[in-house]
Amino acid sequence: MKRVVVIGEEEEALVFHQCSAFIYEWLLKQAHVKEESLTDWLLYDISSSNPNIYYKAFSRHEESENGADWEWWILTTDPFYKDKYNGYRFLVQAKKLWPNNQDNYSLLSYGNKNGFQIDLLLNEARYRNAYPLYMFYTTTQPDITEQIKNIQFIKEETLRWCDGFNNGCFLSDAGSISEILFNLPRHKIFDTEVLNHSLKLSLLDKLFQDLSKSGHLLNKFNQRLIKLGGMDSQYKDGVYGIKHSGRGIPNYLKIFVERQGQDLSWLEREMKFEIKEIGGLAVIDLRE
């Protein structure tokens, strides 16, 4: 059964919002729940709620060399070749923020023998031509006025669309978090500062509402990344920025997408060199 929420006079199935709202309530009732449990449930529930979202968990590594919990792909139809698709690549690290005016500096600057986790994430994203993201879990809510100031690549009306929704999940650009950590004088980093540079997970329901515009939106986002100099501006072997097509789509993703519903327990073992230490693989299939 689809879970439904009412917005104004319209009813829409808001998969991302419902999952994020559930985690908000979960955190209120069980503040010490581990972020691994939240991540496993979130990705499983989202994929179970929508047939166009797929997820597979892989084995976890205590001392990760890439700083990522999962790889997230968003697929869109290639406008020039209807039988082909483009894949936009993201690497995601999950963190449960400390609330109530606690300093999150040590949490966000966490490292292991391989280095700072955030640096590992940023470096692996460059290597994979992916966009590095954090998924933050918290019951604190951002200040919409500050969000509008900090996130100027999304229209104000779009940000305000989910202003009244309580969320437990937030997406943030890892580069912005790195700037807060290392490019500003050392200071206490409260959850509110982080969230004011983040997007509510609910917003994905709005952004992906119109499939005919999703490809254009993602392509525009990719162009912006390239223009800012954060991604390679050269088209090479099917890769342009975070956009992958043809030869640029890794074999494990092709298999994962084409064989949905089949037993893929062998995928991690056979594709270990390509998958490396990714904790999971998630796909949002927006193809029309």
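Student: In this predicted model, at roughly what angle do the axes of helix α4 and helix α7 cross?

Tutor: Start by finding the two helices: α4 covers residues 117-128 and α7 covers residues 174-183. Their axes come within 10 Å of each other. The crossing is left-handed, and its angle is roughly 145 degrees.

Student: Which residues of α4 meet α7?

Tutor: Let's look at the α7 side to begin with: Ala174, Gly175, Ile177, Ser178, Leu181 and Phe182 take part there. By class, the contact has seven nonpolar, two polar and no charged residues. On the α4 side, the residues are Ile118, Leu121 and Leu122.

Student: Why would Leu121 and Leu122 both end up on the side of Ile118?

Tutor: Count along the helix: those two leucines and Ile118 all belong to the α4 part of the contact with α7. An α-helix has 3.6 residues a turn, so residues three or four places apart point the same way.

Student: How far does α4 reach from its first C-alpha to its last?

Tutor: α4 has 12 residues, and at 1.5 Å a residue the expected reach is 16 Å. The model comes out close to that, with a reach of 16 Å.

Student: Just after α4, which residue takes a positive phi?

Tutor: Step past the end of the helix, where Arg128 is one of the buried residues. The phi there is about 55 degrees, and the residue is Asn129.

Student: Is Asn100 buried or exposed?

Tutor: Asn100 lies in the loop between β5 and α3. It has a positive phi of about 55 degrees although it is not a glycine. Exposed means over 50% relative accessible area. Asn100 has 66% relative accessibility, so it counts as exposed.

Student: And what is the relative accessible area of Lys276?

Tutor: Lys276 sits in the loop between α13 and β13. Its phi is near 55 degrees, a positive value in a residue other than glycine. Lys276 is partly exposed, with a relative accessible area of 35%.

Student: What about Ser20, buried or exposed?

Tutor: Ser20 is in helix α1, residues 15-29. Leaving aside neighbours within four places in sequence, Ser20 is in contact with Asn167, Gly168, Cys169 and Leu201. Its relative accessible area is 0%, so Ser20 is buried.

Student: How many residues of strand β4 are buried?

Tutor: Check both ways the strand points. Trp70, Trp72, Ile74 and Thr76 point one way, Glu71, Trp73, Leu75 and Thr77 the other, and all are buried. For β4, residues 70-77, that makes eight of its eight residues.

Student: Which residue of β13 stands opposite Ile74?

Tutor: Ile74 has a bridge partner in β5 too, namely Tyr88, and β4 and β5 run antiparallel, with eight bridges. β4 and β13 instead pair in the parallel sense over five bridges. In β13, the residue opposite Ile74 is Ile284.

Student: What is the bridge partner of Lys95 in β8?

Tutor: β5 and β8 pair in the parallel sense over seven bridges. β8 also joins β9 by five bridges, running antiparallel, and there Leu133 stands opposite Asp173. For Lys95, the partner in β8 is Phe136.

Note on methods:
Residues are numbered from 1 along each chain as its sequence is written. This is a predicted model: local features need pLDDT of at least 70, side-chain atom pairs count only at pLDDT 80 or more; totals for chains, interfaces and linings use all residues. Side-chain values use heavy atoms; hydrogens and water are left out. Axes are lines fitted to C-alpha atoms, for helices over the stretch in contact, and angles run from 0 to 180 degrees between N-to-C directions. Helices (H or I, at least four residues) and strands (E, at least two) are DSSP runs, numbered from the N terminus. A crossing is left-handed if the near helix is turned anticlockwise from the far one by less than a right angle, and right-handed if clockwise. Contact means heavy atoms within 4.5 Å. Ala, Val, Leu, Ile, Met, Phe, Trp, Tyr, Cys and Pro count as nonpolar, Asp, Glu, Lys and Arg as charged, and the others, Gly among them, as polar. Buried means under 20% relative accessible area, exposed over 50%, partly exposed in between (1.4 Å probe, protein chains only). Two strands pair if DSSP finds at least two bridges between them. The expected span of a helix is 1.5 Å times one less than its number of residues.
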